[in-house]
Amino acid sequence: MSELHSETALDSAYVRTEMLPEQAPPITAAGPVRWVRDNLFSSIANAIMTILSLYVIYVVLAAILPWVVYGIWDAGSLSECREIREARYGPLDGHGGGVACWAVLVDRWDQLMFGFYPPELYWRPILAFLLFLGGIAPVLYDKLPRKMLILTAAMPFICFWLLWGGSIWAPVLVAAGFGIGWAIIKFGTRFVGAMTATILAFIVPILFWVLLVGPLIDAFHSVAPIGIESVQSREFGGFLLAFVIGASGIILSMPLGIVLALGRQSDLFIINKFSVIFIEVIRGVPLIVWLFTAQLLLGYFLPPGSNFDLMVRVIIMVTLFSSAYIAEVIRGGLAALPRGQYEGADSLGLNYWQSMQLIILPQALKISIPGIVSSFIGLFKDTTLVVFIGLFDPIGFSNAIRADTDWNGIYWELFIFIGLCFFICCFSMSRYSQYLERKLATGHR
């Protein structure tokens, strides 16, 4: 009976013997149309809010776009810009009543970018910026050749020499101080122990830089006078100043923040209390107060007749301020690790530094990526505070430009340009942070 039923079904015309080819879903069930329906018009209330939002966006763009698009780029002053505007668009009505005077950016581009840096030496900060990008590339992207890390190690000293100039022996001897610290940790651990070697690796290079570098620079330069034209820190300004302070603070505060975070969790009483006091004192005072301290009070603690560059003092204060926040972010990452990770490192026979380097810190830093990048973004934006201590960052130069009779009365164009440049830098850091989180699978699954 079952065989007869099967044969009858096979002979029937409506019984399909092969699969139909796959077809695309209806246009309303996939693609942009589906996205619009689900996200913009999923309900009556959602549709009303979408229409109102589109109307508000239209009103805002209708007022802003003509002001931006019809802007003047070829003028030597604000009054000339107004004359060109009236000649092109007629009296102050319609879109002619409000167009941007972008000519101020063309006229003062060099100052906004380089400050008072000598124009014939612009190639030096440009080359330093390119070397900086090449130096951090192998750190940010592990697919690049590891041999590029040689450029990464040399990049800070080369960029310092290009920006400030002077004798080439200054960056060479400063780099030698780091080499001394590395040699003490590498070879001194077996003789004096890991803790003593670590302390000496900090103290000896500092003494070398403070006591010996100056005389050695003069001695080596008298024998081999190799150098380029020197540029004073007071000639730095604009985005060059902001970038130097921001990049220096970010690069230097990261290792110092890691050391402070480990010190705060240390069982050694002196190291623990010193780290706690440092972090709490630094975080308890606004950055602007520390900048005024760097400008005014730090000179009282220096030997008589010493000239400690203001820009170097600002970089030191910004680095210390940022390192305190980075330390707390990393401490949160260390606290988030389960106790089993520490016990696993001990079971493998690893010492303290090996466990931190191979097991604990990689996981803690991975967890802390959002907080670390957020601190870096805040640090880069806070570089604008140096305007209050007399350094001409982009905000300071905008004030100086507006004080000139040629551009007295211009506001929005300068601030929009400065804000856009800061946005590009901060947004780039944010996007890289998200890329790194996805790559390392930071979130729990």
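1. Basis. Residues are numbered from 1 along each chain as its sequence is written, and side-chain values use heavy atoms, with hydrogens and water left out. Since the model is predicted, local features need pLDDT of at least 70 and side-chain atom pairs count only at pLDDT 80 or more, while totals for chains, interfaces and linings use all residues.

2. Aromatic pairs. Rings of Phe, Tyr and Trp (its six-membered ring) are paired if their centres lie within 6.5 Å, with planes under 30 degrees apart called stacked, over 60 edge-to-face and the rest tilted. By this rule there are 25 aromatic pairs. In one of them, the ring centres of Tyr141 and Tyr432 are 5.7 Å apart and the planes stand at 80 degrees, so the pair is edge-to-face. Tyr141 belongs to the loop between α7 (123–140) and α8 (149–164) and Tyr432 to helix α19 (residues 412–440), so the pair ties together parts 291 residues apart in sequence; helices here are DSSP runs (H or I, at least four residues), numbered from the N terminus. Buried means under 20% relative accessible area, exposed over 50% and partly exposed in between, with a 1.4 Å probe and protein chains only. On that scale Tyr141 is partly exposed at 38%, whereas Tyr432 is buried at 16%.

3. A pair within one helix. The rings of Phe274 and Phe278 have centres 6.5 Å apart and planes at 25 degrees, so this pair is stacked. Both residues lie in helix α12 (residues 269–283), and their spacing of 4 residues separates them by about one helical turn. Phe274 is exposed, with a relative accessible area of 55%.

4. Other ring features. Trp109, Phe239, Phe380, Phe417 and Phe422 are linked into a cluster by ring pairs. Arg283 lies over the face of Tyr325, at 5.4 Å from the ring centre, where a charge sits over a ring if NZ of Lys or CZ of Arg is within 6 Å of the ring centre and within 35 degrees of the ring normal.

5. The disulfide. With a disulfide taken as a pair of cysteine sulfur atoms within 2.5 Å, a search of the whole structure finds 1. The bond joins Cys81 to Cys101, with an S to S distance of 2.3 Å, and at 140 degrees about the S-S bond the link is right-handed. Cys81 is in helix α4 (residues 78–89) and Cys101 in the loop between α4 and α5 (103–107), so placed that the pair links distant parts of the chain, 20 residues apart. Both Cys81 and Cys101 are buried.

6. Cys421 is in no disulfide, and the nearest cysteine sulfur, that of Cys425, is 7.1 Å away. The sulfur of Cys425 is in turn 6.6 Å from the closest cysteine sulfur, in Cys426, which is too far for a bond. Cys421 is buried at 17% relative accessible area, while Cys425 is partly exposed at 30%.

7. Nonpolar cores. A nonpolar core is a set of buried Ala, Val, Leu, Ile, Met, Phe, Trp, Tyr and Cys residues joined through side-chain atoms within 4.5 Å. The largest has 86 residues, and those with the most contacts inside it are Phe236 and Leu334. Helix α11 (residues 238–264) gives the largest share of this core, 12 residues. A second, separate core of 5 residues includes Ala170, Phe208, Val213 and Ile217. Leaving aside residues up to four places away in sequence, Phe236 touches Phe114, Tyr117, Leu163, Trp164, Val231, Leu241 and Met311, contact meaning heavy atoms within 4.5 Å.

8. Ile372. This residue of helix α17 (residues 369–382) is buried at 6% relative accessibility. Ile372 and Val329 are 43 residues apart in sequence, yet 6.5 Å apart in space, C-alpha to C-alpha. Apart from residues up to four places away in sequence, Ile372 touches Met254, Ile326, Val329, Ile330 and Leu365.

9. Arg313. Arg313 lies in helix α14 (residues 310–336) and is buried, with a relative accessible area of 12%. The side chain of Arg313 reaches the backbone oxygen of Ala294 at 2.9 Å.

10. Ser77. In the loop between α3 (44–69) and α4, Ser77 is buried at 10% relative accessible area. Ser77 and Ala103 are 26 residues apart in sequence and 7.8 Å apart in space, C-alpha to C-alpha.

Note on methods:
Helix = DSSP H or I, 4+ residues; strand = E, 2+ residues; numbered from the N terminus. Polar contact = N/O pair within 3.5 Å; in protein donor to acceptor, adjacent residues only side chain to side chain.
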